[in-house]
Amino acid sequence: MRTNQHLIDFYNHYDEDSRLAMKHGSVEFLTTMHYIEKYIKPGDHVLEVGAGTGRYSHALARQGYEVDAIELVEHNIDIFRQNTKPDETITITQGNAMDLAGYPDDKYEITLLLGPLYHLYRIEDKRQAVREAIRVTKPGGVVFAAYVISDGCLLDEGFHRGNINVAEYIRKGLLDAETFAAKSEPKDLFELVCKENVDELMSIFPVTRLHYVATDGCALLMREALDAMDDDTFEWYLRYHFTTCEREDLIGVTSHAVDVFRKNVRNINGL
Ligand SMILES: C[S@@+](CC[C@H](N)C(=O)[O-])C[C@H]1O[C@@H](n2cnc3c(N)ncnc32)[C@H](O)[C@@H]1O
């Protein structure tokens with residue numbers, strides 16, 4: 001399995017820990033936790049694949065859950081270890097989402113795959129990571145798989161902020177001039193998709209979708225407004241967002257989405 005050196009270099013220098021710290025950045029974390037809390041039960045075992053510096057793993061371990069975490073990049077693992085409190089029942093292991101061979105079938109009630117799919121570029125590779133996440137999940141358990149969504153990023157980083165030069169991206173073939181669908185390869189770091197891509201990717205798996213959630217909705221697009229909100233207004237914003245983040249007329253305009261699905265109790269051979 002080839003390791004993407006671009007990815008390792010990026011996360012070695014990226015302040016992953018404070019990414020979610022500001023109001024606009026916290027929406028993604030709070031929304032994902034909101035959905036995890038709908039399904040997690042006392043005594044559940046959690047696997048976090050692509051755990052980064054461990055925001056979700058630590059939050060869940062501090063609530064008393066047993067968490068096993070896997071992360072590719074050593075630098076993130078070092079920070080993860082520094083952040084671990086003595087009373088947390090938590091393990092962190094270096095590994096790749098595409099090969100969870102060290103983990104048994106059907107073990108975890110909750111499996112989080114919140115990041116690796118951002119960095120897998122071929123549908124077969126993404127399916128391999130999803131297949132592994134499903135394999136280690138208990139039948140009836142719930143998997144959370146996150147994606148970076150192309151339209152939200154194009155609006156925010158492209159047309160709004162100008163960090164992406166749209167004309168240049170089209171010239172380089174990174175954006176389709178007709179559909180505005182994104183294309184990327186390892187040197188581009190992030191693989192951007194839309195919901196149709198997620199539906200196609202997931203169509204072969206014996207799972208039942210519970211939710212498809214616009215995790216940060218318009219939060220990145222309107223980050224200045226969110227960061228300027230007083231706490232009371234931000235609470236109302238969160239309530240609005242939690243109420244609308246699955247609405248079909250709104251889910252495309254998000255920078256991240258999470259697909260929440262249950263592993264069917266009767267499984268197909270070979271998964
Ligand atoms: C955007 S971060 C998300 C971290 C964390 N899950 C969160 O949501 O805060 C993506 C993480 O996935 C890790 N990652 C990327 N590809 C991976 C792979 N194939 N296997 C395991 N981890 C991977 C990256 O190193 C990075 O730490």
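Modeller: Let's start with a pocket: in this predicted model, the second largest pocket holds about 280 Å³ of space.

Colleague: How many residues line the second largest pocket, and which lie nearest its centre?

Modeller: A pocket is read through its lining. Here 19 residues line the second largest pocket, and Glu191, Leu192, Val193, Cys194 and Asn197 lie nearest its centre.

Colleague: Which element gives the largest share of that lining?

Modeller: Helix H8 does, with four residues. At least two residues each come from helix H5 (123-136), helix H6 (150-160), strand E6 (192-193) and helix H8 (195-202).

Colleague: And how do the lining residues of the second largest pocket divide into nonpolar, polar and charged?

Modeller: The lining has 10 nonpolar residues, four polar ones and five charged ones.

Colleague: Okay, on to strands. Why is strand E8 (residues 256-263) said to be largely enclosed by the rest of the structure?

Modeller: Buried means under 20% relative accessible area. Seven of the eight residues of E8 are buried, so the rest of the structure largely encloses this strand.

Colleague: In which sense do E5 and E8 pair?

Modeller: Strand E5 (residues 137-149) pairs with E8 in the antiparallel sense, over seven bridges; Val143 stands opposite Phe261 of E8. Strand E7 (residues 207-214) also runs antiparallel to E8, joined by seven bridges, and there Ala214 has Ala257 as its bridge partner.

Colleague: Last one: is Asn83 buried or partly exposed?

Modeller: Asn83, in helix H4 (residues 74-83), is partly exposed, because its relative accessible area is 25%. From Asn83 to Glu132 you count 49 residues in sequence, and the C-alpha to C-alpha distance is 27 Å.

Definitions and conventions: Residues numbered from 1 in each chain as written. Predicted model: local features only at pLDDT ≥ 70, side-chain atom pairs only at ≥ 80, totals over all residues. Heavy atoms only, no water. Buried < 20%, exposed > 50% of the residue type's maximum accessible area, 1.4 Å probe, protein only. Pairing = 2+ DSSP bridges. 1 Å grid on protein atoms, 1.4 Å probe; cavity = no way out; pocket = protein on both sides within 12 Å on 5 of 7 lines; lining within 4 Å. Points joined across faces, edges and corners; volume = space filled by probe spheres on them. Nonpolar A, V, L, I, M, F, W, Y, C, P; charged D, E, K, R; others polar.
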